Structures are given as C-alpha cells and as structure tokens.
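I opened this model to see how its chains are built and how they meet. My entries below keep to what I could look up.

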Amino acid sequence: MSPLVQLAAEEAENPLIPPIPELVIGLIAFVIVFGFLAKKLLPNINKVLEERREAIEGGIEKAEAAQTEAQSVLEQYKAQLAEARHEAARLRQEAQEQGAALIAEMRAEGQRQREEIVAAGHTQIEADRKAAASALRQDVGKLATELAGKLVGESLEDHARQSRVIDRFLDELEEKAEAAR
Amino acid sequence: MSADPTQVLAFETDCHLFDGCGFPAPGLHSFLFEPLWGDADSNLYFNKTMLLALLGSIIIVGFFWAAFAKPKIVPGKLQMVAEAGYDFVRRGVVYETIGKKEGEKYVPLVVSLFFFVWIMNLWSIIPIAQFPVTAIISYPAVLAAIVYFLWVGLTFKRHGFVGAFKNFTGYDKSLGAVLPLSMTIELFSNLLVRPFTHAVRLFANMFAGHTLLLLFTIASWYMLNGIGIAYSAVSFVMVIVMTAFELFIQAVQAYVFVLLTCSFIQGALAEHH
C-alpha cells in the first residue's frame with residue numbers, strides 16, 4: 001500500500017467542517033486588512049479624491065471665468081477699435097472740409113487782391129492820364145496862344161478870358177473826340 | 001489531519017506510467033497540510049494556509065499602503081492602479097447595489113472583502129504558494145460569518161424585532177393559507193442556508209479549481225514516460241489553460257462574494273414590502 005492510499009484512507013474528515021485555528025487566523029488576517037483600509041488608507045484616498053474633484057471643478061470654473069473675461073475684453077477692444085475708426089473717418093472728413101474751405105478762402109483772397117491790384121493800376125493810370133492830359137492841355141494852350149500871338153502879332157497872354165477861350169476850344173475838341181470814338 | 005503535503009506534490013513522487021504504480025490522484029488529502037509549527041491534534045498549530053492568509057493580508061495592506069499612505073491629487077502609477085481597483089468596488093459594486101447614500105458606510109468593508117478574497121484566491125496560481133487559501137472552508141466561513149452578523153444586526157436595527165422577523169420570513173398576507181409554509185421555508189432559507197451557501201460557493205469553486213489544476217499537473221508528470229509523453233503534453237496544455245481559467249474564476253468569485261454581501265446589506269436596509 002502506497003503512503004498516498006494510506007493517507008486517503010485515513011481521511012474521514014469532512015472538508016466542510018472548518019478547523020478552528022484556521023478560523024481564528026482567517027479572522028485575524030481579515031481584521032488586519034479591514035483595519036488598515038477602513039481606518040487609514042481609504043479615508044486618505046477619499047480625501048484626495050474629493051480634493052481632486054474640487055480641483056478639477058475649480059479649474060473649470062477658473063477657465064470659464066477667464067474665458068468670460070477674455071470675451072468681454074475682446075468686445076471692449078472691438079468697440080474701441082470701431083470708435084477709433086469712426087473718429088478717424090470723422091477727422092478725415094473734417095480735414096477735407098477744412099482744406100476745401102481754406103482753398104476757397106485763399107482763392108477768394110487771391111481774387112480780391114488781384115482785383116485790388118488791378119483797381120489800383122487803373123486808378124494810377126487814370127490819375128497819370130489826367131495829369132498828362134492836364135499838362136498837355138496847358139502846354140497845348142500855351143503853344144496855341146503863342147502861335148496865335150505870333151500870328152496876330154500881339155500877346156494875349158495876360159488876358160483872363162484868353163484861357164477860358166482856350167479851355168472851351170479844348171473841351172470842344174475832346175467832345176468831338178469822344179463822339180468819334 | 002496528519003497529511004504530509006510533500007506526498008501530494010506530483011514532482012516529488014517518483015511514479016510514472018508503465019512503472020507499475022497507480023495514478024496518484026488528488027483528493028481531500030491535497031487540502032491538508034502538516035503544521036509548520038505546533039501539533040495538528042492540539043488545535044494549536046501554524047500551517048501553510050495560515051502563513052499564506054497572513055502573508056496575503058500583509059500584501060494587500062502593503063499595496064494599499066504604498067498607494068494610499070501619501071496620496072497625491074495627481075496620482076502616480078501605483079496610486080492610479082489602486083484607485084482603479086478601489087473605484088471598481090466602490091462604484092461598480094456598492095453604489096450599484098446599495099446606492100451611494102446608504103452604501104458609503106459599507107465601502108471599506110466591501111473593498112476589504114473583495115481584495116482579501118481575491119488575494120486568497122490568487123495564491124492558487126502564484127508559484128511556490130500554489131494553494132487557494134479559500135479552498136479551506138474556515139476562511140470563507142469566517143468572512144461569511146462577518147457578513148451574516150452584519151446583515152442580521154442591520155435588519156433588526158432597521159426594522160425592529162417584528163419587522164426583522166417579517167423581513168426574514170418574507171411575510172406576505174396575500175399568500176393566505178400557504179403563508180406558514182412559505183414563512184418557514186423563507187426563514188430557513190434566509191437565516192440558515194444563505195450564510196452557508198455564501199461561504200460554500202467560494203470554497204467549492206476554489207476547491208474544485210485547485211483539484212483540477214492538481215489533476216492535470218500530476219497527470220502531466222505521471223504520464224511523462226514512453227508513449228505517455230504525448231498525453232503528458234496534452235495534459236500540460238490543460239494546466240496552462242486551467243491556470244488562465246482559474247485566474248478568471250478567482251476574480252469572478254471575489255466579485256460574486258462581495259456582490260452577494262452588498263445584496264444582503266441592501267436587503268436589510270430596504271423597506272419591507
């Protein structure tokens with residue numbers, strides 16, 4: 001008989017009847033595990049899981065806040081930019097208007113000065129002409145008188161009428177010239 | 001209980017096919033161990049399964065200590081693995097059956113049970129150890145007893161004496177004349193059979209699994225002679241297959257054990273209808 005067969009024969013024990021020492025050790029072994037996990041390790045990790053959850057939620061909240069802020073800043077910038085564009089357009093318009101007004105003003109001024117100059121020239125010319133005419137009239141009168149005196153042989157110089165005669169004559173001449181023109 | 005463990009290990013028996021010796025089949029003796037210390041008859045001894053049980057405890061505590069002693073908000077690899085395991089039991093088992101509000105209190109117990117049972121089962125395929133501690137009825141029995149007392153206590157606490165009695169007996173007026181019979185059966189089923197099956201389900205699975213592994217391992221060795229080598233190869237393939245299968249069964253049995261635990265607790269907390 002081999003030892004194995006012998007062993008098998010000896011075994012009358014029911015495997016469903018728990019040996020007491022194993023029960024005790026099993027209880028101890030489980031209590032060790034339960035004690036460590038329940039008292040220290042699982043509360044530890046629960047705390048960290050909670051912290052992590054909060055950290056993630058906090059991070060999301062922060063990101064949302066940052067995004068909102070960025071959005072508002074962007075809108076602000078856009079508004080400012082639009083305003084600046086508007087302002088620039090307005091300034092350009094104004095400058096154009098001002099430039100046009102300036103040019104018109106200068107043109108008017110030029111015109112006015114030109115007219116002034118021309119008028120002054122005319123006046124001058126008129127004055128010169130009058131002066132020349134007056135001088136000419138005197139000279140012509142004198143020459144005519146002298147000539148007449150020579151012709152008639154007597155001097156008419158000192159006669160007061162003389163000059164009136166001459167003037168009348170000259171006026172007639174002028175009237176004729178005017179009429180002829 | 002005077003079995004010599006060395007006698008049942010296949011590679012230490014110098015017995016092969018055609019050598020004129022019989023097949024050293026595994027049996028009940030495969031689940032008996034000579035004490036490493038003390039006397040087997042005095043109930044004061046220390047053997048391999050006890051060593052494995054305590055070692056298993058230390059491994060679980062060590063693992064979770066390394067992972068959770070100084071947990072970080074941004075987890076390392078080990079913490080991540082441990083968290084996944086913890087989360088699986090917490091969400092996948094406790095919250096699913098008992099619910100988050102009521103279940104939170106029982107999470108530590110259920111997590112401990114799951115990992116304890118699992119490592120005890122795992123010993124089955126860990127080299128040198130190669131014995132599922134839960135294949136000794138004492139270990140599942142003590143765990144089932146803890147759950148049983150918790151469950152019974154909770155039922156009394158929640159429903160009072162009469163309520164608990166109704167809960168255990170499945171009291172239902174509409175049953176009429178069958179009620180006494182139904183109540184007797186329910187009482188018997190709940191208070192006596194339930195803890196027994198709870199423990200035995202785990203025990204028997206591990207017992208059978210270990211027996212299968214032993215059978216194929218011993219056969220591989222026994223048939224390693226002459227023409228038997230071909231059969232031996234087949235048997236060895238079966239060892240590999242069964243080992244993989246056992247790996248699966250070990251996890252499943254641990255899962256089933258805690259799932260039942262949760263369903264008992266849930267039954268105790270539920271209102272009687």
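These are my notes, beginning with the ground rules and ending with the recorded annotations.

**Ground rules.** I am working with a predicted model, in which local features need pLDDT of at least 70 and side-chain atom pairs count only at pLDDT 80 or more, while totals for chains, interfaces and linings use all residues. Residues are numbered from 1 along each chain as its sequence is written, and chains are lettered from A and ligands numbered from 1 in the order in which they are written.

**Chain B overall.** I counted 7 helices and 2 strands in chain B, taking helices (H or I, at least four residues) and strands (E, at least two) as DSSP runs numbered from the N terminus. From the N terminus on, the order of elements in chain B is β-β-α-α-α-α-α-α-α. The C-alpha trace of chain B spans about 70 × 60 × 40 Å along its principal axes. Of the 273 residues in chain B, 38% are buried; a residue is buried if 20 or more other C-beta atoms lie within 10 Å of its own, exposed if 12 or fewer, and partly exposed in between, with C-beta atoms placed from the backbone.

**Helix 4 of chain B.** I noted that this helix has 16 residues and reaches 22 Å from its first C-alpha to its last, close to the 22 Å expected at 1.5 Å a residue, where the expected span is 1.5 Å times one less than the number of residues. Helix 4 of chain B is mostly covered, with 16 of its 16 residues buried.

**Where the chains meet.** I found 44 residues from chain B and 35 residues from chain A in the contact, two residues being in contact if their C-beta atoms, placed from the backbone, lie within 7 Å. On the side of chain B that touches chain A, helix 1 of chain B gives the largest share, 11 residues. The residues on that side of chain B divide into 32 nonpolar, 10 polar and 2 charged; here Ala, Val, Leu, Ile, Met, Phe, Trp, Tyr, Cys and Pro count as nonpolar, Asp, Glu, Lys and Arg as charged, and the others, Gly among them, as polar.

**One helix pair across the contact.** Helix 2 (residues 20-152) of chain A packs with helix 1 of chain B at an angle of about 5°, their axes 9 Å apart; axes are lines fitted to C-alpha atoms, for helices over the stretch in contact, and angles run from 0 to 180 degrees between N-to-C directions. That angle makes helix 2 of chain A roughly parallel to helix 1 of chain B, since angles under 35 degrees count as roughly parallel, over 145 as roughly antiparallel, 65 to 115 as roughly perpendicular and the rest as oblique. Among the residues making this contact I noted A:Phe36 and A:Leu37 of helix 2 of chain A, and B:Phe64 and B:Trp65 of helix 1 of chain B.

**One helix pair within chain B.** The axes of helix 6 and helix 7 (residues 228-269) of chain B come within 8 Å and cross at roughly 170°. That makes helix 6 of chain B roughly antiparallel to helix 7 of chain B.

**Annotations.** UniProt lists residues 46-101 of chain A as "coiled-coil region" in an unreviewed entry; such annotations may be inferred rather than shown by experiment, and their positions are given in the numbering used here, with feature names shortened. I find residues 46-101 of chain A to be 100% helix and 0% strand, with the end C-alpha atoms 81 Å apart.
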